[in-house]
Every structure is written in C-alpha cells, then in structure tokens.
Amino acid sequence: MNWQSALDPHSANARHLADLFWFFTALCAAIWLLVVAALLRAIRHPGLAGEQDPPERQLRKSRIVGALTALTVLILVVFTAASFYTTRSFAWPDMNTLRIKVTGQQWWWQVEYRNHDASQVLTTANEIHIPVGRPVTLELHATDVIHSFWVPDLMGKQDLIPGRTNYLTLQADHAGVYRGQCAEFCGLEHARMAIWVFAQEPSAFEAWRRHALMPNTMPDGGAAAKGAYIFVHRQCASCHAINGSDAAGQTGPDLTHFGARATIAAGTLHNTAANLDRWLADPQAVKPGANMPKVDLSAPDRAALVAFLEGLK
Amino acid sequence: MSAPLLDTDLAPAEVSARLEAVWSEPKTLWGWFATVDHKKIGRRYVVTALIFLLLGGLAALVMRAQLGTPDNHLVGPDVYNQLFTMHGSTMMFLFAVPVMETLGVYLVPLMIGTRTVAFPRLNAFSYWVYLFGGAMLWIAFFVNSGPDAGWFSYVPLAGPQYGIGKRSDIWAQMITYTELSGLAVAVNTIVTVFKMRCPGMSIDRIPLFVWAQLVTAFMIVFAMPAVMVSSTMLICDRLVGTHFFNWAEGGDVLLWQHLFWFFGHPEVYFIFLPATGIVSAIIVPFARRKMFGYSVLVLALFATGFLAFGLWVHHMFVTGLPRLGESFFTASSMAVAVPSGMQIFCWIATLWDGRLRFATPLLFVFGFIFNFVAGGLTGVMVASVPIDTQVHDTYFVVAHFHYVLVGGAVFPLLGGIYYWFPKFYGRMLDERMGKWNFWLAMVGFNLAFFPMHILGLMGMPRRIYTYPAEMGWGGMNLASTIGAFLFAASFALLAVNIVRALRRAPGAPANPWDAGSLEWAPASPPPPHNFTFTPVVASREPLWDTPELPVTTGLHADRRETVITSLVEAEPQMCESSPPPSIWPFVAALVISVTLLGSIFTPWALVWGLVPVGITLIGWFWPKGAKEEES
C-alpha cells in the first residue's frame with residue numbers, strides 16, 4: 001500500500017506537481033541561504049564609522065538593492081509562468097470518460113459510478129476502484145458541509161461544496177492502493193474520513209465492476225441468516241442499503257459487498273470480524289460524534305450480524 | 001473667568017509641575033476606570049493582549065500534547081475543535097492585531113512628539129469593548145460553549161444547521177466587539193498621525209514605526225467592514241432565519257469565504273506591517289546607523305497595503321473557481337513578495353556597515369529575518385495554484401503561516417518588548433535572561449514548526465484531532481510537540497524576567513539605548529503630559545542630530561492642550577484642547593457589550609439596547625464645564 005504523500009507521485013499529474021514543488025523548493029532554499037549569508041556577513045563585519053553612508057557608498061548600495069529587486073521580480077515571473085503551465089498541463093474534465101460521483105458527507109464518502117444505463121449504476125462507499133492508465137472524472141458534491149477530496153499520490157485536492165459541482169481528473173500510472181482523506185475541516189470526525197483508491201488493471205477493474213453490480217446473495221441458514229434478519233428488522237436498514245436484501249436506507253453508506261471492503265467507518269478500523277464487533281457494540285466509543293447510533297444488541301445477535309456483514313463479499 | 005495661563009509666563013520647572021497636575025488622573029478606583037491617558041490605556045491593552053497570548057498558547061500546548069502521539073485520547077474531537085478555534089481566534093483577533101495596533105497607542109504620540117491621541121475617550125472606549133469581547137469568548141469556552149468551527153467559521157459548518165448551540169453566535173459577536181475596538185483605534189491613529197505630529201515632523205521625517213501604524217490603520221478601515229458584514233450575515237442566518245449562506249434557498253456558501261478572506265488576508269498584514277515598524281525602530285539604534293532606503297521602506301509599506309487587498313482568493317484555490325482567475329491571484333500573491341523583499345534588502349543594507357550592538361532586541365531582529373524569510377518563501381510556494389492544491393489545508397500551510405506570523409511578528413514583538421520595556425516601566429530587563437530567552441525561542445520555534453512542512457507534504461491535513469499510528473507521522477509530531485513546549489518555556493522566561501524587573505526600583509535612564517527617536521526624550525516612564533514643551537524636529541533621528549531639542553511655546557499651562565500641525569509639512573496651525581478623564585467611555589462600552597451579548601440570544605436586544613446606549617452617549621457628550629471646553 002502507498003501511504004498518502006505529495007512527494008510520492010503515482011500519476012503523471014501528481015508527478016508534475018511534485019516536480020514543480022521541487023523546482024520552487026530548490027530556488028527558494030538558495031534564496032534563503034543567500035539572505036542568511038548576507039545577514040551573517042553583516043553580523044560579523046565590524047562596521048564603519050559614522051551614522052550614515054557616504055554618498056558614493058549609498059549609491060552603490062542603491063544599485064545593489066535595485067538589482068536584487070529586479071532579480072526578485074524576475075524569479076517571481078518565472079514562478080508564475082511555471083505555475084501557469086503546470087496548471088495548463090492538466091486535462092479539463094472530460095464527460096466521456098468513466099464518471100464517478102463522489103458525495104462528501106459527515107464523515108464518509110458516497111461513491112456512485114455514473115452510467116446512462118440505469119442497470120449499470122453502481123453505488124458504494126469510502127472506496128473508489130479505477131482502471132489504470134485511463135483518465136477518470138470525479139464529480140464532487142456535498143450535501144451537508146464542505147469537504148475536500150485529496151489523494152495526494154494521484155492528484156491535488158479539490159473541495160466538495162454544497163450547492164456546487166467540482167470536477168477532478170484522476171489517472172493512475174500503475175496498479176496500487178492509494179490512501180486519501182478529507183482535507184477541509186468538516187466537524188467532529190474530520191480526522192476519520194479516509195478514502196481509498198484502488199487502481200486496477202483494466203481487466204481486473206472490469207471484473208470488479210461486474211461483481212460489484214451484482215446483488216449479494218442472502219445467506220440461507222446459520223448465524224449469517226439470523227444476522228440478515230436482524231439487519232433488516234432492527235434499525236440497521238433504516239439507514240443502510242444492501243442490494244439483494246430488503247434493506248434500502250439512504251442516509252448511511254451502502255453496504256453491498258461490505259465484506260470485501262478494506263476498512264470500517266471511512267478508514268477508522270481495519271475490516272475484521274473483531275473490529276466490526278467492536279464498532280457495532282458502541283460506534284460512539286470508536287468514532288465519537290459519528291451519525292451511527294448505538295443499537296442495543298446482545299452479543300450473540302452482534303456475532304450473527306458480523307457473520308452476515310463479513311459474508312457480503 | 002481668570003486670565004489664561006500660558007507656559008511662556010512661567011519658569012520651565014513650574015510649567016512641568018503644572019502640566020503634571022493637569023494631565024495626571026486621580027489614583028482612585030474611579031480614576032482607574034475613567035483614565036484617558038494613552039500610556040495607561042496602551043499599557044493595559046498590551047498587557048491584556050499578552051494575557052490572551054498566554055491563553056491561546058496554553059490551548060496550543062494542549063493540542064500539541066494531543067498530537068504528540070498517534071491515536072491519543074488526551075482530549076476528544078469536541079474539545080479539540082474548540083481548542084483550535086479558540087487558539088486561532090484568540091491569536092488573530094485578541095492577541096496579534098490588538099497588540100500591534102495598541103503598541104502604537106502607547107508609542108505613536110511619544111514618537112511624534114505630542115501629549116495624547118486625537119480622541120482619548122474613544123481610545124478608552126475601544127479598550128473596554130475589546131476587553132469585554134475577549135472575556136466573553138473565554139468565559140464561553142470555560143462553560144463549554146467555545147466556538148468550534150475554526151477561526152474562519154466556514155458555513156455551512158458554522159451555520160444554523162450544523163453549528164450547534166450558541167457557539168458560533170458567540171464567535172460572530174466576538175468579531176463585532178474586536179472589530180469595533182480595532183476600528184476605533186485605527187481612526188484614532190490616522191487622525192493622530194495626520195494632525196498631531198510636532199512641528200517640523202514633515203512626512204519625510206515620520207518614524208518608520210509610525211508609518212507602519214498609519215498604513216495598518218488605513219488597511220483596518222478598509223478591510224474590517226467586510227468581516228463585520230459577514231459575521232453579521234452569519235448571525236442573521238442563525239438568529240433571524242435569513243438565507244445569505246443557505247444554498248438550498250439561493251444563498252451562496254462561497255460568499256462567506258470571499259467576504260472573510262477579503263478581510264482575512266489583509267489581516268495578516270495588520271500584524272506584519274507594524275512588526276516591520278518595530279524592526280526598523282530597533283535596527284537604527286542597534287546598528288548605530290541611520291536607515292538605508294527610508295523612502296523605499298515607506299513605499300514598500302504602501303505597496304504591501306495596496307496589494308494585500310488583491311490576493312484573498314489564494315485562500316480559495318481548491319474551491320473550483322475559474323482557472324484564469326486563479327492565475328491572476330497567483331501573480332498578485334507573488335507580487336506582494338516584492339515589497340517584502342525590498343524591506344529585507346534595506347534592513348540588511350543598514351546592518352551591513354553598522355557597528356552592531358548585540359543586545360537582546362537586535363537578536364530578535366536577526367531571528368525575525370532568519371524565520372520570516374523562510375515563511376515568506378513558503379508563501380511564494382503556496383501562492384502557486386498547482387502547489388497549493390497539494391499543500392492547502394495541510395500542516396505545510398500551518399508551518400508556513402507560523403513562520404510568517406511568529407517569525408514575522410512575534411519575534412519583532414519580543415525584540416520590541418526588550419527594547420521599549422524601560423520606557424514603559426522605567427526598568428531594564430535582564431540582558432542575560434534576554435539572550436537565553438532568544439535562543440530558547442529560536443530552538444523551540446524551529447523544532448516545533450519546521451517538521452510541520454514535511455508532515456504536510458506527507459499528507460497530514462490540518463484540524464485533525466488524531467491520526468492512526470500506521471500513517472508514520474508520530475515521530476515528527478513528537479518532535480514538534482517537544483519544540484512547542486520549549487518555545488513556551490521561552491515565554492515563561494520572559495515572564496520571570498518581567499516580574500523580576502518590576503520588583504526592582506525604577507531607574508532606567510530616559511534614553512538607555514542611545515536611540516534617536518522622540519519617545520526616548522522624556523523620562524522613563526514618561527510623565528502624564530509626555531513633553532513639557534512640544535519639541536520641534538529637523539531630522540529623522542532628532543535626538544542624535546539635536547540633543548537639545550528646540551521647542552514650541554505658547555500653550556496653556558492650566559489645561560490639557562496639544563499642538564495641531566499641517567498634514568504634509570507639520571507646520572503649527574492651532575492649539576487644540578484634549579478632554580479630561582471620564583467614566584462615560586467605560587459605561588458606554590459596558591452598555592454596548594451587554595447589548596451585543598443579548599443579541600446572541602434575541603435580536604430584540606439590539607432594539608431595547610438602543611435606549612441605554614443613547615443615554616450613555618448623551619452623558620458622554622454633555623458639557624461638564626471643564627476648562628478644555630472653552631477652547
């Protein structure tokens with residue numbers, strides 16, 4: 001797994017950004033060193049007599065300060081031009097590529113693969129799968145407060161603003177898993193709003209997509225079947241949907257194929273049976289402020305629910 | 001009516017004694033509340049701002065303790081969000097802007113050779129409003145109603161739907177208090193500098209510190225209305241159901257950001273420009289050299305003042321604004337580096353040939369250049385739209401603006417404290433402790449904030465209350481936390497130094513640093529009337545060029561009076577009286593504060609509040625038969 005870092009680019013766009021960053025850094029570091037060197041010279045020099053420079057020295061200093069100012073302007077022009085051309089190198093959002101609608105919510109991400117064919121529309125949460133080597137257009141929305149989508153290995157960030165739509169183009173060079181997280185302060189659990197991008201070879205991506213579109217098959221016996229019953233008949237289904245069951249709640253993350261996801265609660269916990277049990281036992285202890293309430297379930301009921309959810313591969 | 005008593009009728013010692021009697025204020029509780037002495041108010045203002053610095057700093061230490069280790073549970077998200085909101089709001093609104101503005105309240109009249117500020121009662125009023133606003137914010141925090149939507153209070157998070165309780169209302173009204181007092185000080189500074197400079201102080205002889213205060217005051221007058229409007233719109237959305245920022249009803253979420261940053265970016269320069277004034281004031285006496293490039297430095301202040309209004313959008317580079325517009329703001333944000341660069345060049349050019357005296361104030365100026373230039377250069381980096389898309393809202397930006405604000409303003413302020421403390425309190429601060437203070441601050445500050453650059457690039461966003469251990473941010477966060485505590489220790493050392501100095505008997509000479517500007521002419525601390533005779537100056541460093549200052553005479557010795565001069569040449573025009581102490585500014589501030597506090601709970605408070613406010617204003621302006629009302 002690649003941990004999020006702006007200096008570990010895994011796409012052409014992120015590489016352009018990192019190159020520009022290093023160019024700025026090198027030049028700025030050189031300037032800083034020169035200023036400090038000049039300061040040290042001034043500190044070490046014993047100084048001249050008198051309160052004021054003689055006119056010819058004043059003139060020389062004026063020329064040097066003038067030249068340095070001109071040099072400052074020149075460097076800033078170079079910086080501005082470099083920034084402008086880097087921005088221009090990014091593709092404009094292309095509506096004919098794979099389009100994914102990402103909706104930021106307190107404190108998770110809804111992900112919807114757009115398609116003209118309604119049967120091909122796919123909804124998931126907190127994970128985005130993309131094919132390698134192809135631009136993917138993200139359509140960024142928010143329904144509550146402002147969030148910001150940021151997966152630094154692949155691209156700079158872009159805000160998700162209620163009432164507006166922003167676009168961001170992602171393209172990964174090679175297969176891998178890239179972490180990102182919300183970058184705009186969005187309330188209590190801003191710290192626990194991570195997202196994963198799974199870049200896959202086109203064939204693997206297509207396989208994933210076909211599988212993800214399929215409804216989950218409901219277990220027909222054992223603890224998992226009891227868990228499915230609990231899910232639909234207790235509070236769970238009022239917020240969560242699972243394609244293939246009667247659960248169709250819309251306010252929480254869609255849990256279809258939940259068992260195949262890497263984490264629970266937008267990156268708060270790794271997705272293991274033990275962690276899921278911990279989460280279901282008291283969500284507020286794990287992610288205080290999260291909109292998921294504590295539901296009173298006996299330990300065996302919880303175990304059944306865990307068996308059901310982890311079985312949704 | 002008795003015949004007027006002029007200072008020309010009396011011996012100098014007699015004039016001094018009489019003026020002291022006229023300008024001094026009763027040492028009673030009433031006198032404490034009624035004072036209009038710019039030195040007492042300025043001192044009070046600075047001390048209050050330093051108390052807010054302490055509170056804001058403690059909030060920062062709790063945050064650093066929380067972030068020192070991954071998955072820490074020292075505080076939860078609710079407290080953490082309040083802490084960083086309180087830290088930012090306090091440092092910006094209650095510490096940095098007021099302390100810089102009101103260092104001028106104390107120093108400007110002394111530096112320009114006059115006895116008081118233009119509107120002494122307005123000055124007193126502004127202090128009380130500021131005190132009440134700041135106190136309200138912190139009392140709210142201690143009763144668990146501290147604002148928690150960040151010092152920038154973005155909507156919808158701070159709006160009626162997502163901002164719970166009264167937290168954001170308290171934040172919005174705190175803004176009203178501090179802006180009210182900030183505007184009052186700005187108006188005072190402008191008129192004082194324009195009309196009360198001593199004869200001979202033409203505009204090419206105004207001390208650079210005073211120029212910086214003047215430019216800042218103008219910026220405040222133009223920028224603060226934007227945030228007053230936006231915070232009022234916010235409180236209207238929350239309290240009376242307007243929809244300025246409600247996108248579902250045709251309002252606009254981004255409108256808030258435009259209004260806030262149209263104020264918020266210039267605000268950085270409210271803090272930085274006066275700090276450059278401190279730097280200029282310190283460099284001249286400690287390099288024993290007149291400033292190289294005085295006019296360039298003045299023009300740089302003006303250029304910064306203008307450009308500062310054209311770069312607010314660089315706070316909004318990732319909100320999806322049109323690309324060409326963003327490029328304009330990249331260019332304008334970079335352009336503001338030019339005047340800053342020119343200032344640095346001129347300061348170094350002055351130090352270049354100076355015979356430096358390595359006392360604590362100058363050390364802090366070196367620290368300023370070392371840290372501020374780094375912050376300025378990372379500022380050039382974040383001005384670039386593409387780079388900003390990676391570092392915006394990360395710890396890189398946290399590092400950047402702390403280098404600019406702490407390096408660029410707090411270091412000069414600390415230098416200024418060591419420099420002017422003898423003038424304020426008549427006692428010298430200890431040099432040995434001062435040097436320890438400096439080195440501890442340098443090491444602590446850089447250890448606390450340099451790693452944050454790297455953390456931001458490694459993907460650590462701002463305003464997160466915790467992070468998982470597997471992110472690999474733990475080590476650098478721990479280093480940063482250790483640095484923060486060292487930095488705090490340097491302030492503890494300053495406090496010890498100050499307390500020890502105050503316990504000694506006063507004995508600082510009038511001009512301990514052998515400086516050339518006018519504030520060093522009167523005794524330390526200055527008498528209530530500042531100058532027995534208004535000085536006349538003929539150069540930028542009058543105490544160097546004419547140690548026996550020529551003076552103006554012909555003022556009344558039996559009432560508060562000052563000389564009014566012309567705008568450009570500072571030629572004497574008239575004598576103007578100045579009001580004696582009054583309790584009314586305090587009462588008016590109290591009544592207005594209660595009204596504003598009430599408006600957090602009901603809009604009707606503003607209506608009913610008009611009655612007591614009207615009564616106090618009538619009381620304020622009612623003639624009281626003082627001698628000053630004659631002329």
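Reply: Let's settle one term before we start: a residue is buried under 20% relative accessible area, exposed over 50% and partly exposed in between (1.4 Å probe, protein chains only). This is a predicted model, where local features need pLDDT of at least 70 and side-chain atom pairs count only at pLDDT 80 or more, while totals for chains, interfaces and linings use all residues. Residues are numbered from 1 along each chain as its sequence is written, chains are lettered from A and ligands numbered from 1 in the order in which they are written, and side-chain values use heavy atoms, without hydrogens or water.

Asn126(A) is not a glycine, yet it has a positive phi of about 65°. With a relative accessible area of 8%, Asn126(A) is buried, and it is found in the loop between E3 and strand E4 (127–131) of chain A. (Helices, H or I with at least four residues, and strands, E with at least two, are DSSP runs numbered from the N terminus.) Another loop of chain A, between strand E1 (98–105) and E2, holds Trp107(A). The peptide bond leading from Gln106(A) to Trp107(A) is cis, and its omega is near -5°. For background, most residues other than glycine have a negative phi, and most peptide bonds are trans.

Now for Ser11(A), in the segment before helix H1 (12–44) of chain A. Ser11(A) has 1% relative accessibility and therefore counts as buried. What does Ser11(A) contact, leaving aside its neighbours within four places in sequence? Its partners are Asp153(A), Leu154(A), Gln171(A), Ala172(A) and Asp173(A), where contact means heavy atoms within 4.5 Å. A polar atom of the Ser11(A) side chain lies 2.6 Å from the backbone oxygen of Leu154(A).

Next come the charged pairs. A salt bridge is a side-chain nitrogen of Lys or Arg within 4 Å of a carboxyl oxygen of Asp or Glu, and over all chains the structure holds 27 of them. One joins Arg114(A) and Glu139(A), at 2.5 Å from N to O. These two residues come from distant parts of the chain, 25 residues apart: Arg114(A) is in the loop between strand E2 (108–113) and strand E3 (122–125), and Glu139(A) is in strand E5 (residues 136–142). Arg114(A) is partly exposed at 30% relative accessible area, whereas Glu139(A) is buried at 4%.

Arg209(A) and Glu206(A) also form a salt bridge, with their closest N and O atoms 3.0 Å apart. Both lie in helix H3 (residues 202–213) of chain A, three residues apart, which is about one turn of the helix. Here Arg209(A) counts as buried at 15% relative accessibility, while Glu206(A) is partly exposed at 25%. Elsewhere, salt bridges with shared partners join Asp53(A), Arg57(A), Lys61(A), Arg289(B) and Asp353(B) into one network. Within chain A, the Asp53(A) and Lys61(A) side chains meet at 3.0 Å, N to O, and both residues are buried.

How many residues of chain A are in contact with chain B? There are 80, facing 81 residues of chain B. The area buried between the two chains is about 7,000 Å², with carbon and sulfur atoms giving 66%. Trp32(A), Glu51(A) and Phe185(A) supply 10% of the area that chain A buries against chain B, more than any other three residues. Buried area here is the accessible area (1.4 Å probe) that two parts lose on being put together, summed over both.

Between chain A and chain B there are four salt bridges. H1, H2, strand E7 (158–160) and strand E9 (176–181) of chain A each supply at least two residues of the side that touches chain B. Of the contributors to this side, H2(A) gives the most, with 16 residues.

Note on methods: Polar contact = N/O pair within 3.5 Å; in protein donor to acceptor, adjacent residues only side chain to side chain.
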